[in-house]
Each structure stands twice: as C-alpha cells, then as structure tokens.
Amino acid sequence: MAETETFDYIVVGAGSAGAALANRLSASPENKVLLLEAGPARHRWSRIPVGYAKMLKDPTANWCYESTPEEGTGNRALPAPRGRMLGGSSSINGLVFVRGQAQDYDTWAQMGNRGWSYRDVLPVFKRLESYEGGADEFRGDSGPLRVTNPDETGPLYDALIKAAGEAGVPHNRDYNGAVQEGISMSQATISGGKRMSTAACYLDPIKQRPNLKIQTDALSESLILEGKRCVGVRYSVKGEKHEARAQGEVIVSCGSFNSPQLLELSGIGQPERLKDLGIDVTHALPGVGENLRDHFAPRTRWAITAKGYTYNDRGRGLGLFAQAMKYAFQKKGMLGIPAAPLRAFVRSREGLEAPDLLLGWVPMLYELNRNGGPKLSKQSGLTCYAHAMRPESKGSVHIKEARAGVQPDIRYNFLSSPADQDLTVQAIRVARAIMTAPAMAELGVTELLPGSGETSDDAILQWARAFGETTYHPVGTCKMGSDPMAVVDDRLRVRGMDGLRIADASIMPTLISGNTNAPSIMIGEKASDLVLEDAA
C-alpha cells in the first residue's frame, strides 16, 4: 500500500456536486483538499454537445449501469448511464439547464429540512451561474457555470410553439425565472459551441491550486471508520491500494447509485442486507439505498412528410458533412444542440398550483445502432417524450457483492403509483394535442408511436410500460430529513456519524420538476457553505 496522505477535506466523486464542492473548499489556501474520481480526466467527445450520443454506451466515460428487469416495465433492463470522468454526469448529459419550481424546494423545507426552501436556495442558484440573459431577481451572471439561450431557430420550432398555444400552453421565454409554466426553447450548459461541464467550469480554472489534489482513476473502495466517526477513504488507482485521511470531513458525492453503494461497502445501511453479504455492520441506517426516484418517459414518435424541417433531412449523407462544417466554423447546428432543444411545462388539469407534466422535443427520429447508441432514422420526423415531473413511485439501489466497482441492483419500480400511471397517460394526451393542433398541419404529421389507434387509457399505459425509459434523473437514495428513513440531516451530515456528509442528487427527498444537473450543482455549492460554516 502506498503511503497514507492527510488532508483537511476529502471529496469522493468529481461530478456535478463534487467538482463544485472541491472548488469552493479549496478556495482558501488553508484548506488542503483531495478530490477522488473513479474515471479519467476527459473523453474525446465530452466537450462537443452531441457527444452525449457517443458516450451513452461508452464504458470509458460511463458506468453503463442497467436496471434489474421488472414486471411493471415489461421485464426490460433499462439503461441507467452515469458519468465516470471529471464532471461526472455533467460531462455526458443532454446539457439542458433546469432549476425546477419554487414549490419543489418549499416542499423540502415543509418536510423539516431547514435552509432548503426556494428563498434559501435561490441565492445559491444565482451564485453558480453566468446566464447570458443577464442578472435580475432570479438570475445570476457572474458564476462559474455558463448558461446560454439556444441558437436553434426555425420553422419547426415556430410551428411547435404556435401549436402549443393552440392547445392552451403559453410561450415562456425563461422557465428558470419567475414562472416555469409554458413552452420554451431549452437553456443549456453550452457556450461557444462547447459543453460547460463542472469539469470545464469548476475544475479547469483552479486545477493548479497547490492545496488541491485531483486524483483520477481512483476507485473508492470503502470509508475508513473509527467508531462513529469517518476519518478517511480507502481507494485504488490501477490496482494499487491507497489510503487518505481527513482531519476535517469526508464528503461523499458519488451520485444516487454510487453513494449508497459506498456506504454499504463501508458497513453503513440495513443490517440484515449487509450481514447477508458478509459485511460487518458499522452503523445501522435503514434508508440507505431506498427512496430511488426518476422520471419515466415514454418517447412518442411522429413522422413528418414536409421536407427540410428535421435533422433526418438535414443531417444524413452530405447533410451530415454540412452539419459538421457548420459546427466546425460556426459552432452551431446538429452537433451543437442540447438533447431536447424545446420543452414544455404543463398542468395536467385546471386548479393546480404549478405544472406537473414535462414534454421535450427532439428534432429528429432516431433508433439504436449495433452498439446500443442512437443513430438517425431514414424516415423524417420528431421524437417527443412526455412524463410526470414529481413521480410518487419509489425504488431502491443496493449492492449485490461486497466489492467495489460491481454494478449495484437498481430497481426503479416505475409506474407502481396509480397517480404516476394517470399522469403518464395524461402527458401523452397533451403531446397528442400539441402535435395534432392546426399549426402542425402544414408539416404533414402522422403519429407512429404509440399510434393513433391506441386511444384508451389502458392501451396507452400498456404501451408506456412496454416502451418507456428513464430520463436519467435518479435521486433520493440517501435522502435528507429527520424521519427514520432519512440518511442525512438538513446540513447533509450522515445521521449518527461524525466527519461524514453526502452532497449530490441522492440527498433529494423528492424529485424536482425537471432535469437534475442544475440542482445537483446547487447542492454541491450549498454543501460547501455548510462545511465551512461548521468548521468556523
């Protein structure tokens, strides 16, 4: 074993939250910080926006997890990609920037989590971003993360926005501002045609700090515990064993799959489950690995007979060469867009305080290639995913072996809640209402999936079970709270332990209304405040 090193703080995981946390903790030269990342520093596709399509199945950038097949989703193993490189999932995601609603965070506060209301987290959101639309009551313009309005324009988006209006969905220019409701072009973590991951925005500018050590290819194997205090981390780099000690704290930022995995490997979790795997129980916490939530999103598919509207017409053959040249010289076009350039936040019924459905449009039809990645279909059309934003169905994540690096058992339990079933059907009906509105007539739109013949709620739901997938927004497996199933308190300290916190999407008690990258970065930023306050 290599010589043990000592630091003030050890951050395990250099993803959306961990990179932000390491940046803020190391801002003071008095703090010696170690940042551990299981993957490499970068990937050749990580800075190009469309690179997410290349990395979804690439084990050099991605843990390439899959869920355990379940009856409720047609006994299918669903892809569950998670970033495995500096920047974590912010380096492989669809680049869409969504904060969520004020209601999301006020709900956390109402659950007893002091300091997590919308009023509390809004200043942190403003601090983390540099939004090209400028600063105001809701937006910031001087933070590390560059957030931009879309370059994408054209008759396709104009028609969809007009069709949404005809279906009762208003146009909203800033869904991250005062109100989320409406249809909008997607704000993105793209600037100058390049991906703005936390690796690029939080780590690259400060990686030369002498008090910050960034260790890549470091697989964390277990926490070092002395009684009820965490004092360090055991990890390996290309097979060589290492130990690092923390004089202050260890902060686990491995994400909703790997954070509970590391706790369980360290003997923290459900006693009987750990004993069955031959792991000595160091601290009983029944909530570890429970409360998994994600967005389950069927992808409706629509053919378009009018030519030139979608990237199926403009991105194949010579068109692909033209798109490559457009990106090379202008940093625009198909290679420079987020995964879903247009989205709508919609109420499923009148009388709701806030939207509860999300729809996103991808300006092409795609299918899977032999490697499991997406490729353009020959047929021209659109893909529209539609789902409930705050699902009630809850699953779990638990280790299957007492060994690091082995995929955990991921069980989503999607659509187990009757409310989620109803909202999924309603979301697909809203997608149909927009896609068949008068404004879409000139495009020659035809429904391919689920198919116009599928009209009953039961038929739509069965199609959703058979074809729906996650949107890659897992949260909640080390949830924050004070109830018996909570893993961390409202200062992100692991309950019953000293010297150990968790800061990533796993602490979310409920799923926010939208993509999870922005709130994960916020959690990392806020965690740095809590750590430094408690050390003062």
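A polar contact is a pair of N or O atoms within 3.5 Å; within protein, one must be able to donate a hydrogen and the other to accept it. Keep that in mind for Asn211. The model shown here is predicted.

Asn211 sits in the loop between α6 (198–203) and β10 (212–215). A polar atom of its side chain lies 3.0 Å from the backbone oxygen of Ser28. Is Asn211 buried or exposed? Buried means under 20% relative accessible area. Asn211 has 10% relative accessibility, so it counts as buried. Beyond its neighbours within four places in sequence, Asn211 is in contact with Ser26, Ser28, Pro29, Asn31, Lys32 and Val33.

Next, look at strand β23, residues 381–388. Eight of its eight residues are buried, so the strand is largely enclosed by the rest of the structure. In a regular strand the side chains alternate between the two faces of the sheet. Here, Gly381, Thr383, Tyr385 and His387 point one way from β23. Leu382, Cys384, Ala386 and Ala388 point the other way.

Which strands pair with β23? One is β18 (residues 299–304), antiparallel to β23 over five bridges. Within that pairing, Arg301 has Thr383 as its bridge partner in β23. Another is β20 (residues 357–362), also antiparallel to β23, over six bridges. Leu357 stands opposite Ala388 of β23.

Now turn to the nonpolar interior. In soluble globular proteins, nonpolar side chains tend to be buried together. The largest nonpolar core in this model has 76 residues. Ile10, Trp116, Leu223, Val250, Leu492, Ile502 and Met522 touch the most other members. Helix α13 (residues 517–535) supplies the largest share of this core, seven residues. Back in the largest core, take Leu223. Not counting residues up to four places away in sequence, Leu223 touches Cys230, Gly232, Val233, Arg234, Val250, Val252, Leu262, Leu263, Ser266, Ile268 and Leu500.

Helix pairs come next. Two packed helices are described by the angle between their axes and the distance between the axes. The axes of α11 (residues 418–435) and α12 (residues 457–467) come within 9 Å and cross at roughly 100°. That makes α11 roughly perpendicular to α12. Gln421, Thr424, Val425, Ile428, Arg429 and Arg432 in α11 meet Asp457, Ile460, Leu461, Trp463, Ala464 and Arg465 in α12.

The axes of α3 (residues 102–110) and α4 (residues 118–128) come within 8 Å and cross at roughly 125°. That makes α3 oblique to α4. Ala102, Tyr105 and Asp106 of α3 make the contact with Tyr118, Val121 and Phe125 of α4.

Finally, find an open sheet of three strands, in the order β16-β24-β25 with antiparallel pairing. Its edge strands are β16 (290–292) and β25 (409–411), each pairing on one side only. Neighbouring strands of this sheet are turned by 35° against each other on average, direction ignored. Strand β24 (residues 395–398) and β25 pair over three bridges. Val397 has Ile410 as its bridge partner in β25. Helix α7 (residues 255–265) packs on the sheet and touches β16, β24 and β25. The direction of α7 makes about 50° with that of β24.

How values were computed. Residues are numbered from 1 along each chain as its sequence is written. This is a predicted model: local features need pLDDT of at least 70, side-chain atom pairs count only at pLDDT 80 or more; totals for chains, interfaces and linings use all residues. Side-chain values use heavy atoms; hydrogens and water are left out. Buried means under 20% relative accessible area, exposed over 50%, partly exposed in between (1.4 Å probe, protein chains only). Helices (H or I, at least four residues) and strands (E, at least two) are DSSP runs, numbered from the N terminus. Two strands pair if DSSP finds at least two bridges between them. Contact means heavy atoms within 4.5 Å. A nonpolar core is a set of buried Ala, Val, Leu, Ile, Met, Phe, Trp, Tyr and Cys residues joined through side-chain atoms within 4.5 Å. Axes are lines fitted to C-alpha atoms, for helices over the stretch in contact, and angles run from 0 to 180 degrees between N-to-C directions. Angles under 35 degrees count as roughly parallel, over 145 as roughly antiparallel, 65 to 115 as roughly perpendicular and the rest as oblique.
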